[in-house]
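Here is a friendly tour of the structure shown below. Keep the viewer open as you read, and look for each feature as it comes up.

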2 protein chains.
Amino acid sequence: MLKQVSVAIVGATGLVGQELISTLLYRRFPVKALRLLASPRSVGKKILVGERELEVEETNHNSFVGTDIAFFGATTQISRELVPVAAKAGAVVIDDSSAWRMEPEVPLVVPEVNGDDLAQHKGIIAIPNCSTTPVVLALWPIHKVNPIKRIIADTYQSVSGTGARAVQELREQARLVLDGKPTAAHVYPHQIAFNVLPEIDVFLDNGYTKEEWKMTQETRKIMHEPELPVSATCVRVPVFVGHSVAVHFELTRPMAVDDIRGILQEAPGITIQDEPSISLYPQPWTSAGHDDVFVGRLRQDVSCPSGFVMWVVSDNLRKGAALNSVQIAEELLARNLI
Amino acid sequence: MLKQVSVAIVGATGLVGQELISTLLYRRFPVKALRLLASPRSVGKKILVGERELEVEETNHNSFVGTDIAFFGATTQISRELVPVAAKAGAVVIDDSSAWRMEPEVPLVVPEVNGDDLAQHKGIIAIPNCSTTPVVLALWPIHKVNPIKRIIADTYQSVSGTGARAVQELREQARLVLDGKPTAAHVYPHQIAFNVLPEIDVFLDNGYTKEEWKMTQETRKIMHEPELPVSATCVRVPVFVGHSVAVHFELTRPMAVDDIRGILQEAPGITIQDEPSISLYPQPWTSAGHDDVFVGRLRQDVSCPSGFVMWVVSDNLRKGAALNSVQIAEELLARNLI
């Protein structure tokens, strides 16, 4: 039996925080005590956790005393400031932000891929960006058999990846457009309703956005392939939940599509939806609320002898955020690393 | 001065037909007489053309007598049946459908790229698929300087590419979703509102859709590169007008990004929108109603020494359909090929 642990959730009122609460519940994570932490304006708010109502407390430098595991699902700024505080107080931090992912001493973990990296943790563990996780999860079992030489990934990312305000903005703008009225953009630089925006996170000097660069760097770190060529275009689409990715990947050796399909069928955390004759393929609308990463449209890439193409969709709040975090916590307990 | 010609538009009541009418008008195409043709259920409908009202006539085997140029903007089925009839009656047909594009004796033309192919026409000229045209237009001037060795294109295609019923379906479904009500899908296999669908046109045995395969085959034909490696994933997104494409292309030799930008700046039909610091990049919402193909997010592909990435957006009803058709007609007149 797993030991009981004290858990804190930072950003408990946000989309990821809410998903963390429900994930801990439905996976029956052995929570001894739960603290819900958020910004001052949410303090006192009551949140139903199972059959109990818990009051939201302010996140501050004293929040983590007695906490075994602190899940951070807030902004990068808050993670930058408070993750070390929580770690210093003795909590093991599982951080959803990009603040600590590329630090050499911080394991960046997708449990099905590199759970072994958890053994090196020094109190802070990061989870990958929500568009990186499903791609790495689907590529890893293939990579183990036939090493991947190059990845091109173009994304179709939902607004819930940005947060609750973005979901609200899409709703409001969509209604205004349908009513023939002008819209205003607040969360994104431009209208997102009935539009697509090739800008996620800030632009870097090399012309990539930070979101695209995360995909390159995080994939390399998780897969322990520091030179792996990875190029992405990350695009926001008017979808509420579910990130989709068109993935073109090249292997070391040619391979039969059916052999790749066989590998994915056996792989943990993946459901194959790939029956073109009945229009069965992954969609964000149908992936929302599910734990698995969905893979379909698998085919030989006609532009490259050892190349393949697939379509990967997952609930960005689940495997892209909360589920991956809770799975890491489960691994820590199972491996006696806490 | 260009000679005056008799023009017929097949599918005059559809989205492409309507755009053909307005394009002929605003480009002051020398129309001597205009016949608006459509299916029986639209017969008698009156359409305002400039300051005149024209009555829609039924498309049948006698519709093309005395017609110099027949624009087809209807279904592939109608083009398959009636394009030869129109050509036999003496009209030069400019066909927007996929019915005749790959026939060896039918030029498949983007005037800025392969206008010279028009000289070989035998009465039928095809225009490319609306997602292929902007990509080829943007790649061609680069290809002339530094030959392209491989193209990977992932698309974000609007519902107007399907037709007026699809636009209506997106509107209706979006409102139902916003109101928390269930939706029904009629035009597409699944809900398109707040969702993305990696299925456009039928599936082929090789796992690609016909839409994706068109991109491969049509690009090769237009560029006169029968072996060019091209791989696409074509995805429908909940956008009304404007197709976007993430294009990854490899050149024969490495090249400076600024040199590619310089080539595109001089190229006809292209507007560069590429100022990351002010979030300026092409968007479907802002490209709608414009003739030019918009290019942005141009950068070196970090996964390939001679590779580059760009983001291409165009109004699929304009350069993707009506404008390209009318430009072909203009070329035919200018080259005395009619």
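In this predicted model, 50 residues of chain A are in contact with 50 residues of chain B, where contact means that the C-beta atoms of two residues, placed from the backbone, lie within 7 Å. The model scores ipTM 0.96 and pTM 0.96. Chain A averages a pLDDT of 97, and 99% of its residues score at least 70; pLDDT is the predictor's confidence in each residue, from 0 to 100.

A word on conventions: residues are numbered from 1 along each chain as its sequence is written, and chains are lettered from A and ligands numbered from 1 in the order in which they are written. Because the model is predicted, local features need pLDDT of at least 70 and side-chain atom pairs count only at pLDDT 80 or more, while totals for chains, interfaces and linings use all residues.

**Where the two chains meet**

- Several elements of chain A each supply at least two residues to the side that touches chain B, including strand E9 (148-156), helix H5 (164-178) and strand E11 (243-251). Helices (H or I, at least four residues) and strands (E, at least two) are DSSP runs, numbered from the N terminus.
- By class, this side of chain A has 28 nonpolar, 14 polar and eight charged residues. Ala, Val, Leu, Ile, Met, Phe, Trp, Tyr, Cys and Pro count as nonpolar, Asp, Glu, Lys and Arg as charged, and the others, Gly among them, as polar.
- The same surface serves both copies, as 100% of the contact residues of chain A recur in chain B.

**Two domains in chain A**

- Chain A is divided into domain 1 (5-128 + 321-334) and domain 2 (132-315), with bounds that come from an automatic or database domain assignment.
- The C-alpha centres of domain 1 and domain 2 of chain A lie 25 Å apart.
- The contact between them takes 13 residues from domain 1 of chain A and 16 residues from domain 2 of chain A.
- On the domain 1 side of chain A, helix H3 (111-114) and helix H9 (318-334) give two or more residues, and H3(A) gives the most, with three residues.
- The residues on that side of domain 1 of chain A divide into seven nonpolar, four polar and two charged.

- Helix H6 (210-223) of chain B has 14 residues and reaches 19 Å from its first C-alpha to its last, close to the 20 Å expected. The expected span is 1.5 Å times one less than the number of residues.
- Of the 14 residues of H6(B), 12 are buried, so the helix is largely enclosed by the rest of the structure. A residue is buried if 20 or more other C-beta atoms, placed from the backbone, lie within 10 Å of its own, exposed if 12 or fewer, and partly exposed in between.
- The buried residues of H6(B) pack against helix H3 (111-114), helix H4 (132-145), strand E9 (148-156) and strand E10 (230-233) of chain B.
- His224(B) follows H6(B) and has a positive phi, near 55°.
- Helix H1 (15-26) of chain A has 12 residues and reaches 17 Å, close to the 16 Å expected. Among its buried residues are Leu15(A), Val16(A) and Leu20(A), and the cover over the buried residues includes strand E1 (5-10), strand E2 (31-38) and H9 of chain A.
- Just after H1(A), Arg28(A) takes a positive phi of about 50°.

**Individual residues**

- Ser98(A) sits in the loop between strand E7 (92-95) and H3 of chain A, and counts as partly exposed with 19 C-beta neighbours inside 10 Å. Leaving out residues up to four places away in sequence, Ser98(A) touches Thr76(A), Asn129(A) and Lys214(A).
- Asn129(B) is found in the loop between strand E8 (124-126) and H4 of chain B, and is buried, with 30 other C-beta atoms within 10 Å.
- Arg297(A) lies in strand E13 of chain A, is buried, and has a positive phi near 50°.
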